[in-house]
Amino acid sequence: MTSNRADAGEQSGRFTEEAMRRTATEIAAQLGASGDLVLLRLTNNAVFAIPEAGIVIRVSRSHGLRARAAKVAALGGWFAEIDAPTIRLTPGIEQPLEVDHLLATVWTYVPPRPPTPGVTDLGHVLGAFHRLGTPPLLLPTWNPVDDARTRLADAEALAESDRRFLTDWCDRLEPQLDELRQQQPPGLVHGDAHAGNLLRHSDDQVVLCDFDATCLGPWQVDLVAVPVGEARFGRTGNHAQLAAAYGYDITTDPAWPLLREARELKMVVAAVPLLASGPGVAHEFATRLRSIQRHEQSTRWTPFADLTAARAVR
């Protein structure tokens, strides 16, 4: 019965902003938290802040990624124990929470504070994060191909020809990434390391957030998002700053071409479950996909965050 209700909900658009807002409102009511819900992001999660209550509610928008909520909650507990440079779960709440077949986690709200964290901060924080060691938790192995296939399974508005291309791309990358993973012991990987996932505390400490993609894998993975973003979005200078702060230039690594391709797969497929959200997302998805198909590495992409229809989607 649960599966049928969930499937019916997907077909009726249960992952829209309005539906996510209703779910977050119910969670806030259960917690006794009052105040206005402020949408922060609408990606694979709907992220709402209630500044007056000092909390952030992250609601998963994909049934296929339900296991991530439990992983993120477990990581949040470990981060608190070892005083990691990360945001904190709201204490005293058994997490993840489940409301109407959707899972959510609740975090302590960190108000925006100047100066906005940048890639130099990212390099320093990533260095500290990678030195935390391996957590005593059952974490997934870095596998962007499996993640992409999960998103393809959630697709509601994907053309069959595009689905075939993306599936073939996954099939081609998989053995190459398997070989890469075997070349060194796995370490703690944030999985989506960019300056947008940094927050500044009142004591000026910069911390990481968003651990949906956190896993075990090659540490180099965390240095890829910035140079790929620079190449695709035209943000010059960011990679040089990251390399200087972290102490390593990922673009000189022998695995760079493969790591770049894996990152671009993620950046293309991230929009697949959201294609029905508006023409802006669909058009940008088409631009990204066609540039990959035509091997046009110089084609500029537009961040989803800049698209009105996508709201705060990256």
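1. In this note, a residue is called buried when its relative accessible area is under 20%, exposed when that area is over 50%, and partly exposed in between, as found with a 1.4 Å probe on protein chains only. By that definition H295, at 70% relative accessibility, counts as exposed. H295 lies in the segment after α10 (279-293), where helices (H or I, at least four residues) and strands (E, at least two) are DSSP runs numbered from the N terminus. Although H295 is not a glycine, its phi is positive, at about 55°.

2. The model is predicted, so that local features need pLDDT of at least 70 and side-chain atom pairs count only at pLDDT 80 or more, while totals for chains, interfaces and linings use all residues. Residues are numbered from 1 along each chain as its sequence is written, and side-chain values use heavy atoms, with hydrogens and water left out.

3. D210 also has a positive phi, of about 65°, and is not a glycine. D210 is placed in the loop between β8 (206-208) and β9 (215-217), and counts as buried at 13% relative accessibility.

4. T86, in the loop between α3 (66-82) and β4 (97-99), counts as buried because its relative accessibility is 2%. Apart from neighbours within four places in sequence, T86 is in contact (heavy atoms within 4.5 Å) with F79, F129, V207, L208 and F211.

5. Two cis peptide bonds deserve a look: the bond from Q95 to P96 has omega near 5°, and the bond from P114 to P115 has omega near -5°. P96 sits in the loop between α3 and β4, whereas P115 sits in the loop between β5 (102-108) and α4 (119-130).
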